[in-house]
Amino acid sequence: MRGIKLLSMAGAVAACLLVAGAATAGSRSEASPSGAAPSTLIYAGASDPTYLDPALVSDGESFRVTKQIFESLVDFAPGTTRLVPALATSWSVAKNGRTYTFNLRGGVRFHDGTAFNAAAVCANFNRWFNFSGPFQDASATLYYQKIFSGYRRNENATLGKPLYQSCRAVGGLKAVVKLTRKNGPFVPSLVLSAFSMQSPTAMAKYGANQGTIRNGVFAPIGTYAFRNPTGTGPYMLEKWTVGESVILKKNPRYWNKKQPRLARIIIRPISDNTARVQALQTGEVFGIDLLSPPLVATVRGNSRLKVLSRPAFNVAYVTIQSAKPPMNDIRVRRAVAYGLNRQLVVNSFYAGRAQVAHAFMPPSLPGYAKDVVKYSFNPTRARQLLREAGCGPPCKIEFWYPTGISRPYMPDPKANYEAFKASLEQSGFDVQTTSMPWRPDYVKNVNQGTAGHLNLIGWTGDYADADNFIGTFFQGDSPQFQEKNAALDKLLNAAEQEVNQAKRIKMYQQANRLIMQNLPGVPYAHSTPALGFQKRVQGYYTSPIGTDLFKTVFLGGQ
Amino acid sequence: MSAAELEIAEIQLEQSTGGLWNEAWYRLTHNVGAIIGAVLVSVFVIFALGAQWIAPSHPSDDVHLVAGILQPQPPSTEHLLGLDLQGRDVFSRIVYGARYSLLIGVVSVGIGLSIGLLLGAFAGYFGRWPGSLVMRLMDIMLAIPGLLFAIAIVAMLGPGLWQVMIAVGVVNIPIFARLLRGSVIAQKENEYVLAARVVGVPRRKILFSHILPNSISPVIVAGTLAMATAIIDVAGLGFLGLGPQDPSTPEWGTMLTDANEYLAAAPYLAIIPCLAIVISVLGFNLIGDGLREALDPKLRGRA
Amino acid sequence: MLRFVVRRLLLLIPILFGVSVLLFFWVRALPGSPAESLLGERATPALVAAYKERFGLNEPIWRQYVTYMETTVADRDLGISVATHRQVTDEIRQRFPATVELALAAMLFSVSLGIPLGFIAAKRYGGPIDHGSLFLSLIGISVPIFVLAILLKYIFAVRLGWLPSVGRIDLLIFDAKHPTNFYVLDAILTRDWSTLWDVLKHLILPAVALGSIPLAIIARITRSAVLDVQNEDYVRTARAKGMSPGIVDRRHVLRNALLPVTTVIGLQTGLLLSGAILTETVFAYPGMGSWLRDAIFNRDYPVLQGGILFLALVFVLVNLVVDVAYAVINPRIRYSG
């Protein structure tokens with residue numbers, strides 16, 4: 001019996017030290033790439049798609065796949081937010097600002113052989129407009145509701161007057177879409193995968209318009225959204241095994257003869273950040289999305305791997321619930337702005353891949369104003385403001401953060417939170433912590449205005465328009481911010497309906513100035529999300545809104 | 001839970017007949033493993049109780065910038081075990097972490113033990129239908145895998161230190177209940193109990209002054225081992241993102257989990273809390289093993 | 001014997017009913033609802049309220065339970081997953097084989113190593129092998145399973161590149177057939193030996209991680225059981241009769257020592273399922289464990305209710321089988337009632 005127990009202690013130590021050994025040993029073997037046929041790309045995201053009818057989903061993992069199978073009338077030029085022709089080769093607005101004419105690309109066919117033409121475009125618009133029953137649930141048609149407000153027959157009081165009026169096919173390749181009112185974001189929003197063109201025959205054949213609600217969940221009934229999604233895109237669905245992979249194969253009749261360049265794309269879900277990078281290191285996947293900042297160095301340090309950047313198109317911010325005392329006092333809100341050490345957080349936890357945000361929208365977007373009020377970390381000033389406001393110091397506040405989540409704008413919420421908490425306490429606040437799982441508890445409380453005085457959250461843009469950022473946040477009632485500002489509301493309404501781009505830009509700039517004076521929250525970071533790849537993966541363009549196209553991708557030599 | 005459950009099965013197989021305390025103590029103090037275990041556990045307890053005197057700095061408030069930003073720093077003479085990603089002294093966090101682990105272990109085992117014992121003794125003594133009703137309830141609880149059960153409870157109560165302790169404790173209830181029931185049933189048929197009954201000693205008195213004390217030795221062993229599993233289970237919950245509410249809490253499992261993305265860049269951030277967990281768990285396991293050997297009559301004179 | 005089995009099977013009904021009630025009320029007691037989980041950042045209070053109204057989530061809870069049972073019985077299925085929109089039964093068909101395969105591999109690893117280790121340790125009582133195996137088993141139960149999993153993966157997959165780090169199969173084998181979803185079995189049935197080798201490679205690391213604790217426990221139980229049996233009268237008698245030590249070991253010692261070991265193996269079902277949650281998370285292995293974990297975070301009511309109920313059924317059945325097996329091996333046990 002002697003000795004052994006000593007031995008077992010030594011063993012415990014050894015077990016843990018093994019990690020050290022392995023970690024510091026340097027890459028002894030860089031793992032051989034699996035004997036891949038050079039015509040297949042394996043790519044890892046964080047989870048499975050929900051299902052593959054783009055009109056009925058609203059999450060990035062689903063769009064990652066539907067973007068390859070389907071195409072919209074317009075799209076972004078690769079890697080930018082500049083609108084370019086896609087299935088529509090050109091478009092124009094009539095003088096009334098409500099009638100749009102789209103000229104369509106000729107000779108395009110859906111995967112099932114159905115011709116793509118003006119009738120198909122109208123069929124898609126009418127499908128969305130005529131959705132009824134379970135399809136009017138926000139879990140199914142969130143983006144439609146956001147842009148088009150309502151349906152032909154609204155079945156829910158929260159829906160508004162529909163933006164869409166009619167669609168008319170003029171000859172084979174000209175579609176005329178009429179709206180009920182002027183709307184600036186209409187064309188930019190058409191890049192959303194939710195508004196991509198689907199084959200009317202396939203939808204009818206595979207029951208795309210049958211859905212139900214059971215156990216409180218919308219679910220398509222037909223096989224369309226699971227096995228037969230049919231678009232015009234460069235890839236077609238071959239096989240989908242939930243939890244394991246989505247396999248896409250080349251569309252041999254794609255209208256651009258030079259694309260796609262690969263025979264197959266396999267997309268697999270790996271939810272853990274570290275596991276995703278490790279699969280890249282071992283060669284089990286060739287590319288990954290959502291590379292977290294601490295792991296960027298690991299990928300950089302590997303001679304066979306490279307890091308790509310996604311253009312910053314997001315904002316991380318701290319909401320201030322300004323209806324709750326003491327936050328109803330602008331001086332306390334300003335003290336918060338001075339008390340958050342945003343520069344330190346951006347420098348420490350984004351691996352040099354972010355800049356401090358001074359407004360609620362990214363600087364690259366038209367409507368951004370450089371001359372807003374800026375607040376830099378100043379604990380003395382914060383304390384002074386608190387004294388003037390008669391709240392402490394210490395001024396007691398609740399500050400919330402989410403767990404179980406990593407967002408492009410907020411890769412490690414907990415790290416951000418801890419540093420912010422420390423800097424606020426240094427600035428005369430007494431911070432009470434609450435944390436909750438992101439889904440669904442945290443987001444619900446923040447959105448309903450039942451969370452703390454301060455809360456960490458953020459936003460990634462869906463389409464390239466200021467309306468998608470500050471319009472979403474501050475137009476109309478927004479319990480998240482509890483901000484009631486009539487002047488701002490009026491300005492944002494006017495901007496949404498304005499179709500003259502120069503005038504719209506001026507209005508949004510003015511809105512940004514108002515917001516930063518009034519401080520309904522404090523924006524703190526625009527991040528540049530990272531992706532990891534094997535060096536041989538080439539022709540990959542990163543989209544600012546996160547829906548990358550695989551049609552240009554090819555595999556080079558080692 | 002699950003590991004403890006098996007250990008207990010093991011104990012039940014070699015159940016003691018009780019009443020060997022002096023000899024047990026002698027054997028325990030002559031068992032090298034148990035002594036090492038005791039030393040490890042004492043260090044752990046000393047850390048836990050004396051954290052504010054032992055730790056060189058505050059575990060969450062004292063922040064040190066490295067090159068102007070918050071970042072990990074390897075062990076140095078200034079900071080014995082280095083700095084974590086928030087620029088805090090890791091040694092201090094380990095020392096304070098012992099306090100949380102001890103608290104978690106004691107409270108959760110306490111919950112499982114007390115409620116489990118009550119139910120088990122009840123079920124064992126009042127056989128027939130009230131007893132079997134309780135045991136069927138325990139069966140239902142046991143039918144759900146332990147960790148899943150714990151996650152379920154935390155999901156319901158919300159994440160937090162107390163919620164985690166309750167979850168781990170509740171999962172332990174049926175284990176202790178079964179263990180004690182088995183013991184009590186075995187004791188109930190013993191001659192001295194029959195004798196007491198014949199003499200006319202009241203039922204409750206028989207249960208509390210005869211049966212329970214003699215059924216308790218496997219429970220002591222199981223309790224010690226359950227301390228070990230409790231620490232591991234809490235670390236597992238932390239790994240799944242269900243740790244304490246305040247992120248600056250120096251809880252070992254959470255520290256280990258936070259270091260996951262830094263495994264390549266700063267491996268010591270993972271190794272140090274890992275060692276702390278393994279060593280303290282080992283300590284309790286060694287003591288538990290020693291106790292088992294000491295209290296097991298079949299092993300008498302062997303070790 | 002038959003009476004015993006029937007009795008236990010009947011007992012299944014109240015247990016499963018109890019589990020289903022417990023599950024239903026627990027799921028409803030979770031904060032938040034699938035509405036918020038589906039809508040994410042885009043969940044406005046108005047949308048959430050409309051959602052709850054629509055799907056009866058505002059009804060009294062007993063009413064919801066009755067509705068749930070009605071639809072479950074009427075449709076003979078377990079509902080549709082909130083997260084994947086698939087039938088829960090379909091998902092179980094896909095994921096349960098994965099976990100069973102993993103659990104069996106872990107069990108195989110722990111039994112085939114644990115029993116010999118324990119036996120040899122007992123035979124060489126007090127010697128270095130005994131000490132070594134005791135030491136290993138202590139480490140085995142002292143290292144958290146996810147630490148071991150991360151460690152194994154880091155060393156053998158990431159650093160050495162010997163074994164794969166994620167999933168069940170190399171995705172470049174997209175033409176493999178999966179009639180049963182037990183990939184090992186499928187590969188054997190289709191005589192696809194290279195796929196078989198690939199699938200086995202994917203099983204090694206998770207199975208070793210998951211099997212470590214059972215290994216430790218089986219080795220310890222075997223050791224102490226062999227020690228006990230060795231001193232029994234019949235063994236001494238056999239030896240005294242001059243029977244060869246090998247035959248004594250095989251016929252008497254090992255056979256009798258294995259009795260307690262079988263019980264312990266049965267008890268491990270729960271342990272393996274718990275461990276699977278952590279192991280599957282680390283290795284992104286598409287089984288029941290990681291599925292249920294995600295379901296908790298997503299408030300996926302139908303998956304939680306259906307999935308856990310199914311696991312409970314399996315768990316209870318496995319224990320029944322173990323009890324019956326135990327009675328068959330050990331004629332001294334009579335399950336009279």
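In chain B, 75% of the contacts with a separation of 6 or more join residues 24 or more positions apart, a contact being a pair of residues whose C-beta atoms, placed from the backbone, lie within 7 Å. The model is predicted, with local features requiring pLDDT of at least 70 and side-chain atom pairs counted only at pLDDT 80 or more, while totals for chains, interfaces and linings use all residues. Residues are numbered from 1 along each chain as its sequence is written, and chains are lettered from A and ligands numbered from 1 in the order in which they are written.

Chain B contains twelve helices and zero strands; helices (H or I, at least four residues) and strands (E, at least two) are DSSP runs, numbered from the N terminus. Of the 303 residues in chain B, 60% are buried. A residue is termed buried if 20 or more other C-beta atoms lie within 10 Å of its own, exposed if 12 or fewer do, and partly exposed in between.

In chain A, helix H3 (residues 118-129) has twelve residues and reaches 17 Å from its first C-alpha to its last, close to the 16 Å expected at 1.5 Å a residue. The expected span is 1.5 Å times one less than the number of residues. Ala118(A), Ala120(A), Val121(A), Asn124(A) and Trp128(A) are the buried residues of H3(A). They pack against strands E5 (99-104), E6 (164-170) and E7 (174-179) and helices H4 (138-148) and H6 (200-205) of chain A.

Helices H11 (residues 342-349) and H13 (residues 413-426) of chain A pack at an angle of about 150°, with their axes 10 Å apart. Axes are lines fitted to C-alpha atoms, for helices over the stretch in contact, and angles run from 0 to 180 degrees between N-to-C directions. H11(A) and H13(A) are therefore roughly antiparallel, the term for angles over 145 degrees. On the H11(A) side the contact is made by Leu344(A), Val345(A), Ser348(A) and Phe349(A), and on the H13(A) side by Ala415(A), Asn416(A), Ala419(A), Phe420(A) and Ser423(A).

Asn314(A) lies in strand E15 (residues 314-320) of chain A. Asn314(A) counts as buried because it has 27 C-beta neighbours inside 10 Å. Beyond its neighbours within four places in sequence, Asn314(A) has contacts that include Pro362(A), Tyr409(A), Trp459(A) and His526(A). The C-alpha atoms of Asn314(A) and Pro529(A) are 9.5 Å apart, although the two residues are separated by 215 residues in sequence.

Definitions and conventions. Angles under 35 degrees count as roughly parallel, over 145 as roughly antiparallel, 65 to 115 as roughly perpendicular and the rest as oblique. Two residues are in contact if their C-beta atoms, placed from the backbone, lie within 7 Å.
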